[in-house]
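This report concerns side-chain contacts between aromatic rings and between charged groups. The sequence and the model are shown first, and the contacts are then taken up in turn.

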Amino acid sequence: VYYCDKCFSSSFKPISYSGKGTVVTFTIQAVAPEGFEDANSYAWVIFKLDDGDINVSGFLPGISSPSDLPLDSRIKVIDFHEKHGLILQKY
């Protein structure tokens with residue numbers, strides 16, 4: 001769901017960003033839900049973009065414990081998957 005957390009508008013214009021940012025929070029899925037069996041263990045990550053005052057969420061495969069992804073870890077968007085959405089990578 002897209003909305004501005006300041007004015008609650010859902011009207012936006014497209015802007016390109018670097019796709020790089022810092023982890024704000026995450027949830028680890030150690031047991032993949034139905035339809036995501038191909039993913040094994042992964043984290044659903046909320047990260048703040050470096051070049052905008054925007055929080056974005058995405059899919060980070062291979063995360064199985066909180067020690068794998070400390071808060072403030074550096075993240076970048078590397079792809080988009082029809083089912084998983086934004087695909088992230090630590091860097």
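## Basis of the model

The model is predicted, so local features need pLDDT of at least 70 and side-chain atom pairs count only at pLDDT 80 or more, while totals for chains, interfaces and linings use all residues. Residues are numbered from 1 along each chain as its sequence is written, and side-chain values use heavy atoms, with hydrogens and water left out.

## Aromatic pairs

Two aromatic pairs are present, a pair requiring ring centres within 6.5 Å, with planes under 30 degrees apart called stacked, over 60 edge-to-face and the rest tilted, for rings of Phe, Tyr and Trp (its six-membered ring). Tyrosine 3 and phenylalanine 8 are stacked, at 6.2 Å centre to centre and 15 degrees between the planes.

Tyrosine 42 and phenylalanine 59 form a tilted pair, at 4.7 Å and 40 degrees. Because tyrosine 42 lies in strand S2 (residues 42–49) and phenylalanine 59 in strand S3 (residues 55–61), this pair ties together parts 17 residues apart in sequence; strands are DSSP runs (E, at least two residues), numbered from the N terminus.

## Salt bridges

There are two salt bridges, each defined as a side-chain nitrogen of Lys or Arg within 4 Å of a carboxyl oxygen of Asp or Glu. Aspartate 53 pairs with lysine 6, their closest N and O atoms being 3.1 Å apart; aspartate 53 is exposed at 60% relative accessibility, and lysine 6 is exposed at 62%.

How values were computed: Helix = DSSP H or I, 4+ residues; strand = E, 2+ residues; numbered from the N terminus. Buried < 20%, exposed > 50% of the residue type's maximum accessible area, 1.4 Å probe, protein only.
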